[in-house]
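Please describe the fold, the cores and the charged contacts in the structure below.

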Amino acid sequence: MRRFQKRQMLTNIANLHIIHQQNRERLLQKEYAIIQATLAGCQEAVIQMGESIERMEGIGKAERAIQSLEQYCEKLYQVNLKLEEISAEHFYDTLEEALLEAEKAIDRMPEKKEIVFLPYKASMWDSLESVYLAAKEDENCDAYVVPIPYYDKNADGSLGEMHYEGSEYPKNIEITPYEEYNLEERRPDAIYIHNPYDDKNYVTCVPERYFSSHLRNYTEQLVYIPYFILEEIKPDEQDKIDKIKHFCFLPGTIYAHKVIVQSEDMRQIYINEYIKAARLYGCCAEDTDRTRLEKKILGLGSPKLDRVRGTDKEKLEVPEDWKRIIKKADGTWKKIILYNTSVNALLQHDEQMFRKIRSVFAKFREAQDAVTLLWRPHPLAASTLQALRPQMLAEYEHLVEEYQKDGFGIYDDSADVDRAVILSDAYYGDFSSVVYLYQETGKPVMIQAVDVL
């Protein structure tokens, strides 16, 4: 049984004890009609409890608890028939004895945690996956993956098209549709998120009911794990910290009960920058309490690294249309170069970035007999251009269309960045969080110079 549900039932039983005491006094005053009405309410509450237990646990596992509730209902019926004949003490003792047995039976039922994961972008699922798989293996835990929808943001900040990527997750991940999981009713023991922005992102936005400021009200443990990996830096490298400090004080880090970051150094940076930002914005003393933040922010590592380290290249499912491009005439594989282009580079270099990408394509088209280019643009590239550089969107879409039509390389717009990282032999492209992930493989990394064609 869920801990939250057990507590709720035990609270209801505590209220029944109070009603027994009140009815004992009413019986002395011969207020029979009021007693009968309250006994009917007690019976209805207990029947609902029994049905709820049976629904959650099944009759076999909860037989003792259900039987004790039934026995209490029988006592309610019996005393109701004899209200004018029995003493107030006998009335009270009879009901209390039966209710105490039911209370003990419910209290002894084993507790089971319920954990729900609320990813929004399937391509970011690897930041939560290893935690989910561990929870799934725990027999004392029920784990649910509930992908939530998200909106593109228009240039004026309004919400645009809605997206839902529930069908794009790995086959071994059991998906629960968000319409079927009611957070207000379920009240999970823990909620895991990887989106820290709430309404603070310029490109996408999840529905307001999934903002971290709301989610924390439905659980005792809202856990935020970043969807990205940052460069490993030391807590005294302030010039480098200044480039990433905005990640340390976002809604997800503010409202989460726990924040899991990639390392102990990064933990100290998050704590230091969180305190600075909280003071700057005049937050309450709690937000500048280092002792509290040291319990809240933990440097336990990133599940993204777990995924890359734990996946065998030989076991990857490679699409057949990819294999046709990768294989040479003799059946051996060409070298595969992961070409990663970032959103930041597009925004920073505008048209020059398009010229650079086209020159890269031309080079790899010439070398296609020996090398396969695996182009993986940032999943939000088109959405970002639509929101921030709408005049560039048509040319970007034309570039994608041209590349796919040429057929000399692979276009990877799937949700699985780890497959591209593990499958490829080297990295080429923009500096992004994928670089830090790629470095874990030990394979070569080269950062492109956009102004060199």
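## Strands, cores and salt bridges

Val223 has Lys258 in E8 as its bridge partner. E7 and strand E8 (residues 258-260) pair in the parallel sense, over 2 bridges. Strands here are DSSP runs (E, at least two residues) and helices likewise (H or I, at least four), numbered from the N terminus. Two strands pair if DSSP finds at least two bridges between them.

This is a predicted model, in which local features need pLDDT of at least 70, side-chain atom pairs count only at pLDDT 80 or more, and totals for chains, interfaces and linings use all residues. Residues are numbered from 1 along each chain as its sequence is written, and side-chain values use heavy atoms, with hydrogens and water left out.

**The six-stranded sheet**

E7 and E8 belong to an open sheet of 6 strands. The order is E2-E1-E5-E7-E8-E9, with parallel pairing. Strand E2 (141-145) and strand E9 (297-298) form the edges, each pairing on one side only. E1 and E2 run parallel and are joined by 5 bridges. Within this pair, Ile115 stands opposite Ala143 in E2. E1 is mostly covered, with 4 of its 5 residues buried. Buried means under 20% relative accessible area, exposed means over 50%, and partly exposed lies in between (1.4 Å probe, protein chains only).

**Two nonpolar cores**

A nonpolar core is a set of buried Ala, Val, Leu, Ile, Met, Phe, Trp, Tyr and Cys residues joined through side-chain atoms within 4.5 Å. The largest has 44 residues. Leu118, Leu183, Ile191, Tyr210, Leu215, Phe247 and Tyr270 touch the most other members. Strand E5 (190-193), strand E7 (222-224) and helix H10 (264-280) each supply at least two residues of this core. H10 gives the most, with 8 residues.

What does Ile191 contact, leaving aside its neighbours within four places in sequence? The list is Val116, Leu118, Leu183, Leu215, Tyr218, Thr219, Gln221, Leu222 and Val223. Contact means heavy atoms within 4.5 Å. A second, separate core has 31 residues, including Leu10, Cys42, Ile66 and Ala88.

**Strand E10 and its partners**

Strand E10 (residues 335-341) is mostly covered: 6 of its 7 residues are buried. E10 and E11 run parallel, joined by 7 bridges. Lys335 has Val371 in E11 as its bridge partner. E10 also pairs with strand E13 (residues 426-429), again in the parallel sense, over 4 bridges. There, Leu338 stands opposite Tyr427.

**Helix H16**

Which residues of helix H16 (residues 381-388) are buried? They are Ala381, Ser383, Thr384, Leu385 and Ala387. The buried residues of H16 pack against strand E3 (150-153), helix H14 (343-349) and helix H17 (393-406).

**Salt bridges**

A salt bridge is a side-chain nitrogen of Lys or Arg within 4 Å of a carboxyl oxygen of Asp or Glu. The whole structure holds 34 of them.

| Lys121 | Glu165 | 3.1 Å |

Lys121 forms its salt bridge with Glu165. Lys121 lies in the loop between strand E1 (113-117) and helix H5 (129-137), and Glu165 in the loop between strand E4 (159-163) and helix H6 (183-186), so the pair ties together parts that are 44 residues apart in sequence. Both Lys121 and Glu165 are buried.

Lys323 and Glu320 both lie in helix H13 (residues 320-326). They are 3 residues apart, about one turn of the helix. An α-helix has 3.6 residues a turn, so residues three or four places apart point the same way. Lys323 is partly exposed, because its relative accessible area is 25%.

Arg376 and Asp412 are both buried.

Salt bridges also link Arg2, Arg3, Glu114, Arg186 and Asp189 in a network.
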